[in-house]
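Here's a quick briefing to read alongside the model. Have the sequence and the 3D view open as you go.

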Amino acid sequence: MSEQETVLPAGFDPIASPIHAPTPTGWLEQRFQLHARGTNVRQETLAGLTTFLAMVYSVFVVPAMLGKAGFDTSSVFIAVCLTSAFGSLLMGLWANLPIAVGCAISLTAFTAFDLVLGQGLSPAVALGAIFLMGIIFTGISVTGIRTWILRNLPIGIAHGTGIGIGLFLLLIAANEVGLVTKNPGPGLPVSLGTITAMPAILSVVGLAAIFGLERRRVPGGILVVILALSVVGLIWDPAVVFNGLFALPSFSGETSLIGAMDVGGALNALVIPSVLALVMTAVFDATGTIRAVAGQAGQLDDNGQIINGGRALTADSVSSIVSAGLGGAPAAAYIESAAGTAAGGKTGLTATIVGLGFLALIFLSPLAGLVPAYATAPALMYVGLLMLGGVRHLRMDDTVDTMAGMVCAVFIVLTCNIVTGIMLGFTTLVIGRIFAGEWRKLNVGTVAIAIALGVFYLGGWAI
């Protein structure tokens with residue numbers, strides 16, 4: 001018998017008794033079920049780093065937006081990092097899904113430009129509104145009401161809200177860099193700005209660069225553009241000043257936003273409709289994102305339901321409560337998580353890697369003040385354009401529903417008020433159904449919301 005021959009046990013049948021590779025053991029395997037889901041530590045780590053690079057631009061965009069509304073940018077930077085770390089770690093370690101959580105860009109715009117600058121609320125009251133939104137959001141997630149809402153509320157208004165917020169983001173970004181300005185004379189309310197100025201030119205170039213990098217699937221393409229434009233500003237723009245790279249995070253002091261929320265001030269009849277608008281927007285946006293990313297990662301059961309879906313929805317909503325306490329914007333699952341699942345992420349280890357990355361970023365808060373508006377504007381525009389993709393989900397065979405959704409979208413941007421757009425969407429849907437003889441397609445929830453919003457506006461309580 002040669003040295004290469006293998007002696008098999010007596011009675012061993014290689015067909016009937018196949019040799020199986022030993023199942024991996026260890027804490028990571030037990031926690032994330034890597035082997036059962038067909039992945040490994042290296043693949044999950046790569047996926048986590050990919051998602052982190054795809055969404056880390058939020059630590060610059062969110063502080064810049066809230067800074068316009070009077071928030072301290074360094075404090076917001078820390079809040080964004082801690083919120084993203086908490087949400088992603090909770091999603092990873094508890095729900096075991098490769099979905100990262102962070103401060104939502106769309107809801108940040110609502111907070112800064114609608115609640116604070118539009119309605120005149122203080123940052124503390126706005127944080128109180130976010131806290132209430134998180135409490136309500138968590139309540140409806142735990143009790144299953146979230147599922148009922150998704151099943152009963154109109155598809156057109158659901159997607160119309162997202163489309164409208166996308167248009168809103170585009171208007172905000174274009175105005176910040178001077179592409180579109182307020183018209184001081186007669187005619188339309190807006191006019192073309194100084195398109196030949198450096199901020200406008202760099203914003204357009206940056207937006208086009210994001211198109212190209214994202215098309216080529218360059219990891220962190222949005223971040224690359226933000227950093228490149230910041231370097232250009234540092235070299236040629238005297239308003240951009242380098243104040244260091246590292247700093248110990250400050251959790252107290254006059255500028256700290258931790259624990260600054262004013263819940264009592266948010267419990268006001270004038271603020272509650274905005275809280276409900278935050279909740280409804282988050283319900284459709286975050287739930288759709290979670291399902292889309294879970295589906296791409298192959299984490300749907302035989303009935304098409306999200307594996308650990310209840311935990312995922314709860315982790316998503318609880319993060320907003322934490323964010324309010326830290327002084328940040330409403331949190332939500334990030335669609336950029338799809339970049340990580342495309343790189344092979346299938347378990348919560350992917351989200352855990354993202355969370356650890358954001359935790360390390362809290363020591364880089366001076367960078368928040370180094371990023372000019374024309375560096376973050378292309379990212380805002382790009383996110384806004386992506387949200388316009390909701391048009392393809394409108395049911396073109398149901399014209400009443402579709403037109404009501406478009407009314408919602410258009411009037412969000414024309415009035416610069418998300419609640420107003422939603423109110424007009426619900427109102428036109430209900431009245432349209434009645435005139436079309438389709439009142440049987442209405443449900444109690446839709447009619448109740450339409451009446452409540454209509455009374456609120458007709459009573460003169462809207463701002």
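The face of H19 turned away from its buried side carries Val444, Ile451 and Leu458, which are exposed (exposed is over 50% relative accessible area, buried under 20%, partly exposed in between, with a 1.4 Å probe and protein chains only). Before going on: this is a predicted model, so local features need pLDDT of at least 70 and side-chain atom pairs count only at pLDDT 80 or more, while totals for chains, interfaces and linings use all residues. Residues are numbered from 1 along each chain as its sequence is written, and side-chain values use heavy atoms, with hydrogens and water left out.

*More on H19*

- The buried residues in H19 are Gly445, Thr446, Ala450, Leu453, Gly454 and Phe456.
- They cover an arc of only 160° around the axis, so they sit on the same side of H19 (the arc is that of the directions from the helix axis to the C-beta atoms).
- H19 covers residues 444–458, and its 15 residues should span 21 Å at 1.5 Å a residue, which agrees with the 21 Å between its end C-alpha atoms (the expected span is 1.5 Å times one less than the number of residues).
- Helices here are DSSP runs (H or I, at least four residues), numbered from the N terminus.

*Aromatic pairs*

- There are four aromatic pairs by the ring rule (rings of Phe, Tyr and Trp, the last by its six-membered ring, with centres within 6.5 Å; planes under 30 degrees apart are stacked, over 60 edge-to-face, the rest tilted).
- One of them is edge-to-face because the ring planes of Trp27 and Phe32 stand at 90°, with centres 6.0 Å apart.
- Trp27 is exposed at 52% relative accessible area, whereas Phe32 is buried at 1%.
- Phe52 and Phe358 also pair edge-to-face, with ring centres 5.1 Å apart and planes at 75°.
- Phe52 belongs to helix H2 (residues 41–55) and Phe358 to helix H15 (residues 348–361), so this pair ties together parts that are 306 residues apart in sequence.
- Phe52 is buried at 14% relative accessible area, and Phe358 is buried at 0%.

*Nonpolar surface patch*

- A nonpolar patch on the surface has about 1,100 Å² of accessible area together, with Met198, Trp236, Phe246 and Phe363 among its residues (areas are by the Shrake-Rupley method with a 1.4 Å probe; for residues, only the protein chains shown count as cover).
- Patch residues have over 30% relative accessible area and no salt bridge, and nonpolar side chains (Val, Leu, Ile, Met, Phe, Trp, Tyr) are joined within 5 Å, like charges within 9 Å.
- A salt bridge is a side-chain nitrogen of Lys or Arg within 4 Å of a carboxyl oxygen of Asp or Glu.
- Helix H10 (residues 221–236) gives the most to the patch, with four residues.
- Phe363 is in the loop between H15 and helix H16 (373–387), and Phe363 is partly exposed at 37% relative accessible area.

Terms used: Helices (H or I, at least four residues) and strands (E, at least two) are DSSP runs, numbered from the N terminus.
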